[in-house]
Amino acid sequence: MKRYLLPLLVFAVMVGFLGVGLKLNPREVPSPLIDKPAPAFSLPRLDAPDRQLALQDMKGKVWLLNVWASWCVACRVEHPLLVELANTGVVPIYGLNYKDKRDEALVWLGRHGNPYVASLIDAEGLVGIDFGVYGVPETFVIDKDGIIRLKHIGPVTPEVLRDTILPLVKKLNA
Amino acid sequence: MHRLLIVLCLAWLGVAGAQEARPMAEDPVLEAKVMRIAEELRCLVCQNETIAASHAELAVDLRKQIRQKLQQGQSQQQILDFMVQRYGEFVLYRPPVKSSTWLLWGGPFLLLGAALVGLVMSIRRRRVPASEPLPRDEAERARRLLGEEKG
């Protein structure tokens with residue numbers, strides 16, 4: 001009986017580790033930018049490319065930065081939720097139109113609705129790199145001082161919005 | 001069937017070779033440097049590949065960044081720091097040795113040590129105890145039997 005104890009113990013430890021490993025999502029890499037100032041940018045607006053929008057322009061308000069593109073399939077999944085959120089007016093959403101073509105982006109917004117106060121054109125994806133974007137869609141919560149408070153990778157789900165994003169926005173606005 | 005497999009393998013090799021050759025820029029020395037740094041960085045889209053090996057769009061963009069930064073005269077360390085600042089230490093293909101990664105680096109040796117200890121213990125246990133001298137009557141009998149055989 002005793003001779004089986006050690007292999008059983010080893011087995012149990014391995015099952016424990018593998019079980020935890022199954023629950024982790026390797027696609028969600030923790031961002032080093034959390035609680036750090038958002039990288040500075042100044043980009044042309046999608047609706048009016050001759051006008052620029054910069055990080056300083058957002059000072060003093062809590063806002064969401066949503067990285068999207070017309071070629072991004074997963075963006076379509078979260079989009080109705082963003083439109084709904086924009087209609088409530090709880091928090092302004094700005095879009096980062098990542099490595100997209102302007103005409104296609106405008107058509108996409110026309111078809112699926114435009115939840116964004118403004119979208120910024122990041123044709124080369126350089127601002128995306130500064131924000132550590134590696135999968136579209138990504139959503140950042142940025143506070144009044146321009147500090148990144150949350151990064152959500154992948155489509156925003158109703159649960160994430162209700163349990164994480166909205167409470168955080170409320171707290172930051174308080 | 002076998003022939004088909006071989007043909008498929010060769011075809012794949014051809015494709016792989018063609019893709020490897022493509023990113024060569026006009027300056028092969030610079031390109032070699034770009035690739036050497038790119039090999040230190042993990043592609044976050046396809047996480048088991050380096051930025052040098054990956055064909056993901058982000059990897060192509062990041063190689064472009066490395067190339068530009070080298071042209072601006074930045075060092076390898078500066079470029080790696082740039083990537084870590086944005087993507088975290090996960091981006092380093094060779095994680096640095098520090099307190100949060102000592103288990104990662106030392107774990108395999110720890111396991112090897114444990115296995116060796118286990119091996120030694122099990123060998124010791126299995127070893128036949130050193131033979132004691134036979135009692136006199138049995139020794140007598142054995143001698144007699146051996147003697148009979150010989151004689």
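Analyst: Let us start with the elements: helices and strands are DSSP runs, a helix having at least four residues and a strand at least two, and they are numbered from the N terminus. Read in that way along the sequence, chain B follows the pattern α-α-α-α-α-α, with six helices and zero strands. Please keep in mind that this is a predicted model.

User: How do you know which element of chain B has the lowest mean pLDDT and which the highest?

Analyst: The pLDDT is the predictor's confidence in each residue, on a scale from 0 to 100. On that scale helix H1 of chain B, residues 2–21, has the lowest mean among the elements of the chain, at 53, whereas helix H4, residues 76–87, has the highest, at 94. Over residues 15–22 of chain B the pLDDT is below 50, and beyond near neighbours in sequence this stretch has one contact in the model. Where pLDDT is low, the predicted coordinates should not be read in detail. For chain B as a whole the mean pLDDT is 82, and 79% of the residues reach 70 or more.

User: How do you know that the span of H3(B) is close to the expected one?

Analyst: The expected span is 1.5 Å times one less than the number of residues. H3(B) has 15 residues, for which 21 Å is expected, and the helix reaches 21 Å from its first C-alpha to its last.

User: Which residues of helix H2 of chain B are buried, and why are they placed on the same side?

Analyst: The buried residues of H2(B), a helix of residues 28–38, are Val34(B), Ile37(B) and Ala38(B). They cover an arc of only 100° around the axis, and therefore they sit on the same side of H2(B). On the other side Pro28(B), Val29(B), Ala32(B) and Arg36(B) are exposed, and what covers the buried residues includes H3 and H4 of chain B.

Terms used: Residues numbered from 1 in each chain as written. Chains lettered and ligands numbered in written order. Predicted model: local features only at pLDDT ≥ 70, side-chain atom pairs only at ≥ 80, totals over all residues. Contact = placed C-beta atoms within 7 Å. Buried ≥ 20, exposed ≤ 12 C-beta atoms within 10 Å, placed from the backbone. Arc of directions from axis to C-beta.
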